[in-house]
Amino acid sequence: DPQQLELATSGKRKLRRFIVIDEVVDELYGSKVREYFEENNVQHKILALPTTEETKSMDLVLNILQEVQNFSIDRRTEPIIAIGGGVCLDIVGLAASLYRRRTPYIRVPTTLLSYVDASVGAKNGVNFLQCKNKLGGYTPPVASFLDRSFIQSIPRQHISNGLGEILKMALMKHKGLFDLLKSYGKYLLDTKFQSYGGSADHRDAALQTTRIAIETMLEELAPNLWEDDLDRLVDFGHVISPELEMRVLPSLMHGEAVNIDMAFMTYVAHVRGLITTEEKEQIIQCMRGLELPVWHGGCSWTLIKRALMERLKHSGGQPRMPLPTGLGVAEIFNDTSEETLERAYKLWVRD
């Protein structure tokens, strides 16, 4: 908006920004963030908070809104900035959507998972009554700022966690991305998605994988931003995992729980005859190569049945189960019998 730009640069009014930053990110980058706003003469308030699945609640949202009210922002021209992982972006998105009915916000993801997943789309939310993201809404950010340099400071397990969501998009939509993960998975883990000199293939692997993952995610989300159509390929890995993740907190991270779900569904696809034994093995081997868990003792047959009942409740009475029909191709199925699921479960447990 030219008028807003004129107002911002004319010096008639001091720029003001309210920033919510994950407390771990604040320890690592907080001084740089403060320096940035001070050098640009921006009046700012930085709120550092513990943003984890265990703290992802309405209480934290209300805490943020109290601070926003105290700072007093213009709800049209002063966006709230969220700097952190997916939980932080989800919480701040919900807080912004509630404040004066809709206040603009900006996402700055700092983990690989949030870089390729939470940065894209309109959803926000918090956990409620031991259920994942039970409260939330659809309010897209005005911008997402993507900077891979944040990823170099996160632990190796968190990189692997993010690779779970990248693999999801590869299996559903893009064989080329699957091949990249098979070839360069270990390299990406070792280099933490930073671009270095050396072989051109290696140097570009981080850029290629993140770009393809985000582009394929956007292809799926953009035409269906408000989830009017409940048949969603991006739900692969999200049929069993919400129940499992909340049940075993904090022993599994989101991408790890998603991968365990994807491993089970790979067996379901194999038992149904949708993928060959060789394709099933390629998928499981790729998961292992990305250092992702392919099994968890908490994923009992009872839990799977309960998770499927929950799925039916919020998917219009249909399971809407995305399953691979090859490498990089998939369809949604509503006709998987309980007998097929149980056979797949027994094979999975055996292996």
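Helix 6 (residues 156-173) has 18 residues, which at 1.5 Å a residue should span 26 Å; its end C-alpha atoms are 26 Å apart, so the two agree. The expected span is 1.5 Å times one less than the number of residues. Helices here are DSSP runs of H or I with at least four residues, strands are E runs of at least two, and both are numbered from the N terminus.

This is a predicted model, in which local features need pLDDT of at least 70 and side-chain atom pairs count only at pLDDT 80 or more, while totals for chains, interfaces and linings use all residues. Residues are numbered from 1 along each chain as its sequence is written, and side-chain values use heavy atoms, with hydrogens and water left out.

Stay with helix 6. Of its 18 residues, 14 are buried, so helix 6 is largely enclosed by the rest of the structure. Buried means under 20% relative accessible area, exposed means over 50%, and partly exposed lies in between (1.4 Å probe, protein chains only). Gly 162 sits in this helix. Its relative accessible area is 0%, so Gly 162 is buried. Leaving aside residues up to four places away in sequence, Gly 162 touches Leu 112, Leu 113 and Val 116. Contact means heavy atoms within 4.5 Å. Gly 162 and Glu 256 are 94 residues apart in sequence, yet 8.5 Å apart in space, C-alpha to C-alpha.

Next comes a helix pair. Two packed helices are described by the angle between their axes and the distance between the axes. Helix 10 (residues 254-271) and helix 11 (residues 277-289) pack at about 170 degrees, with axes 10 Å apart. Helix 10 is therefore roughly antiparallel to helix 11. Axes are lines fitted to C-alpha atoms, for helices over the stretch in contact, and angles run from 0 to 180 degrees between N-to-C directions. Under 35 degrees counts as roughly parallel, over 145 as roughly antiparallel, 65 to 115 as roughly perpendicular, and the rest as oblique. Helix 10 contributes Asn 259, Met 262, Ala 263, Thr 266, Tyr 267 and His 270 to the contact, and helix 11 contributes Thr 277, Lys 280, Ile 283, Ile 284 and Met 287.

Ala 269 also belongs to helix 10. With 0% relative accessible area, Ala 269 is buried. Beyond residues up to four places away in sequence, Ala 269 touches Leu 274, Ile 275, Leu 323 and Pro 324. Its C-alpha atom is 9.8 Å from that of Ala 330, 61 residues apart along the chain.

Now the loops. Pro 250 lies between helix 9 (241-247) and helix 10. A cis peptide bond joins Leu 249 to Pro 250, with omega about -5 degrees. Arg 101 is in the loop between helix 4 (86-98) and strand 4 (105-109). Arg 101 is not a glycine, but has a positive phi of about 70 degrees. At 77% relative accessibility, Arg 101 is exposed. Gln 130, in the loop between strand 5 (123-128) and strand 6, has a positive phi of about 60 degrees and is not a glycine either. Its relative accessible area is 70%, so Gln 130 is exposed.

Finally, the cysteines. The whole structure has 0 disulfides, a disulfide being a pair of cysteine sulfur atoms within 2.5 Å. The sulfur of Cys 131 has its closest cysteine sulfur in Cys 299, 17 Å away, too far for a bond. Cys 131 is partly exposed at 28%, whereas Cys 299 is buried at 2%.
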